[in-house]
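Reader: Could you walk me through the pockets and a few backbone details of this protein? I would like to follow along with the model open.

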Amino acid sequence: MAMTKILEASQFILSKISKKPKVGIVLGSGLGIYIDQIQDKMIIPYQEIPHFKRTSVEGHSGALIIGEVNGVTVAALQGRLHAYEGYAMEDIVLPVRTLAAIGIEYLFLTNASGGINAEFHPGDLVAISDHINLSGRNPLVGPNIAELGPRFPDMGNAYDSEVRELLHSVAQRHHVDIKSGVYCSVLGPTYETPAEIRMLRTIGADLVGMSTVPEVIAANHLGLKVAGVACITNYAAGIKQEKLNHADVKKVAEKAMVGFATVLTETIGELNRMGKV
Ligand code: HPA
């Protein structure tokens, strides 16, 4: 069933495009306007793609954008599905699996996160170094689809170390500050309690969010090279006495866009110069 959905969705997309993308990008909350950086683009709304679910969260409009970034054909997913919306894991990871089926080898996942590490402040960019999956979900539960990958995928380099080094060196060259940290995924949709954030800090989390990990797991299963870039949109609960809301989260992410766009666009350009894409 999952395989049929991937094949039908990917055949539909391939019938619309002339150049196969090498790089996939998932744009998180407030980061969707990155599509302004994509040249010669074709926009395909999710509702036109077989089996793609429409997103329900405000600020995640739901479209696949295919175009050029720094001379590289990319496929960007603007708007993602979250487990807290009630979607099945299989539907949440279908877009990433479909991009792999149309040829991507690198996947850049982005999100808005709460900062737990005392050094992290709203507006900061963080290259995710590793994750802790506390969502209680895993997209690979159920019979393994051997055409996609192994039963027990290795997660030792889930956020590819070479791409991470590239992100840091590109950021440094372009004078963009980017930190490094361990992302913890939770189910949501409630933000965490202060006690939960104290626990997350104790177990080694630097930032927290409600997305990304399902796609990272599915992408590693597929053997893609994965990078994660988070925008810290707020102090996690209990760190500062402020109420958390989605509107503020989106506003901060939009402000971080210039640095974010530079790092993403130039890293993709660098992969191209290195002959990797
Ligand atoms: N917690 C969980 N998810 C989030 C947060 C947060 O503080 N900020 C943005 N997404």
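This is a predicted model: local features need pLDDT of at least 70, side-chain atom pairs count only at pLDDT 80 or more; totals for chains, interfaces and linings use all residues.

Reader: Which element gives the largest share of the lining of the largest pocket?

Author: A pocket here is an open set of points on a 1 Å grid over the protein atoms alone, where a 1.4 Å probe fits, with protein on both sides within 12 Å along at least five of seven lines; lining residues have an atom within 4 Å of a point. The largest pocket has 23 lining residues, and Ser29, Tyr84, Tyr191, Met210 and His246 lie nearest its centre. Strand E5 (106-115), strand E8 (207-209), strand E9 (225-235) and helix H6 (246-255) each give two or more residues, with helices (H or I, at least four residues) and strands (E, at least two) being DSSP runs numbered from the N terminus. The largest share, four residues, comes from E5.

Reader: Which helix gives the most to the lining of the second largest pocket?

Author: The second largest pocket is lined by 15 residues, with Glu90, Pro139, Val141, Pro143 and Ile145 closest to its centre. Helix H1 (2-14) and helix H2 (89-101) are the elements that give two or more residues to this lining. With three residues, the one that gives the most is H2.

Reader: Is Ile203 buried or exposed, or in between?

Author: Ile203 sits in the loop between helix H4 (194-202) and E8. The cut-offs are under 20% relative accessible area for buried, over 50% for exposed, and partly exposed in between (1.4 Å probe, protein chains only). At 42% relative accessibility, Ile203 is therefore partly exposed.

Reader: What is the relative accessible area of His175?

Author: His175 lies in the loop between helix H3 (161-173) and E7. Its phi is near 60 degrees, a positive value in a residue other than glycine. His175 counts as exposed because its relative accessible area is 74%.

Technical notes
Residues are numbered from 1 along each chain as its sequence is written. Side-chain values use heavy atoms; hydrogens and water are left out.
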